[in-house]
Amino acid sequence: MIPTPDLGHLKASDYQHVYEPAEDTFLLLDALEQDQERLRQAAPRMCVEVGSGSGCVSAFLAGVIGKQNAVFLCTDVNLRALQATRQTGTQNQASLEPVRTDLVSGLRLQGRVDVLVFNPPYVPTPSEEVACDGIAAAWAGGIDGREVTDRLLPRVADLLSPRGVFYLVAVRENKPQEMIDQLAKAGLHGEVTCQRRSGPERLCVIRFTRRAGQP
Ligand SMILES: C[S@@+](CC[C@H](N)C(=O)[O-])C[C@H]1O[C@@H](n2cnc3c(N)ncnc32)[C@H](O)[C@@H]1O
């Protein structure tokens with residue numbers, strides 16, 4: 001069993017500014033743990049988490065893959081989240097590399113990403129609530145809770161390496177099947193690997209991989 005990362009360095013006051021790991025985060029950890037053999041066998045060199053928040057997911061992923069075995073790039077629009085990510089890396093002896101950017105903008109990652117992870121702001125809200133930074137950026141997802149995710153999806157097939165895999169957290173309102181169908185057109189196979197009900201939310205993790213025969 002992979003230990004949940006130590007987040008003892010983050011206080012209640014930090015979580016006023018940075019997303020505190022919650023059921024969605026833990027479902028993603030479960031999905032990664034469930035795939036640990038598959039992930040290790042693929043021997044990933046480049047892992048990218050979009051929207052790393054506390055850094056909990058990337059620190060866990062480093063534990064799954066091996067802390068010395070890959071680069072762990074962590075992007076976020078929230079500066080305080082990136083500070084927390086760096087601290088979480090240090091606290092858990094994982095070298096997480098925080099980058100402040102929108103999604104993966106400005107990073108030259110085409111065809112290089114072996115593991116891509118995104119627990120996006122998925123809560124349906126009016127479009128004007130989708131935030132550029134700060135804690136609101138953690139949850140406000142705009143129409144269908146998809147406005148941020150929908151900006152990443154068209155780039156995924158281009159980012160992934162031939163053995164690349166993409167883990168995406170979603171809720172029912174995000175229309176997971178529609179996203180699976182959309183990425184199928186880009187040559188990716190998507191399937192729900194974990195799901196859980198948490199209060200009113202029906203959460204799932206979708207795993208996307210290249211279809212056999214696709215470059
Ligand atoms: C639901 S939280 C998830 C945090 C963490 N990955 C976890 O699972 O606990 C979403 C994160 O995405 C970040 N975020 C929102 N919009 C973003 C964007 N356009 N580019 C990068 N990060 C973004 C937020 O600041 C927040 O840290």
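Analyst: The radius of gyration is taken over C-alpha atoms, and the globule rule is 2.2 Å times the number of residues to the power 0.38. For 215 residues, a compact globule would have a radius of gyration near 17 Å; the protein has 16 Å, which agrees. This is a predicted model, where local features need pLDDT of at least 70, side-chain atom pairs count only at pLDDT 80 or more, and totals for chains, interfaces and linings use all residues. Residues are numbered from 1 along each chain as its sequence is written, and side-chain values use heavy atoms, with hydrogens and water left out.

Now the elements. Helices (H or I, at least four residues) and strands (E, at least two) are DSSP runs, numbered from the N terminus. The protein has six helices and seven strands. Their order from the N terminus is α-α-β-α-β-α-β-β-α-β-α-β-β.

Helix 1 is the part to look at. It covers residues 23–34. The expected span of a helix is 1.5 Å times one less than its number of residues. With 12 residues, helix 1 should span 16 Å, and its end C-alpha atoms are 16 Å apart, which agrees.

Which residues of helix 1 are buried? Buried means under 20% relative accessible area, exposed over 50%, and partly exposed in between (1.4 Å probe, protein chains only). By that rule, D24, T25, L27, L28, L29, A31, L32 and E33 are buried in helix 1. In the protein, buried residues make up 53% of the 215.

What covers them? Contact means heavy atoms within 4.5 Å.

Y15 counts as buried because its relative accessible area is 17%. Leaving aside neighbours within four places in sequence, Y15 is in contact with L7, L10, E20, P21 and I135. Y15 and A84 are 69 residues apart in sequence, yet 9.8 Å apart in space, C-alpha to C-alpha.
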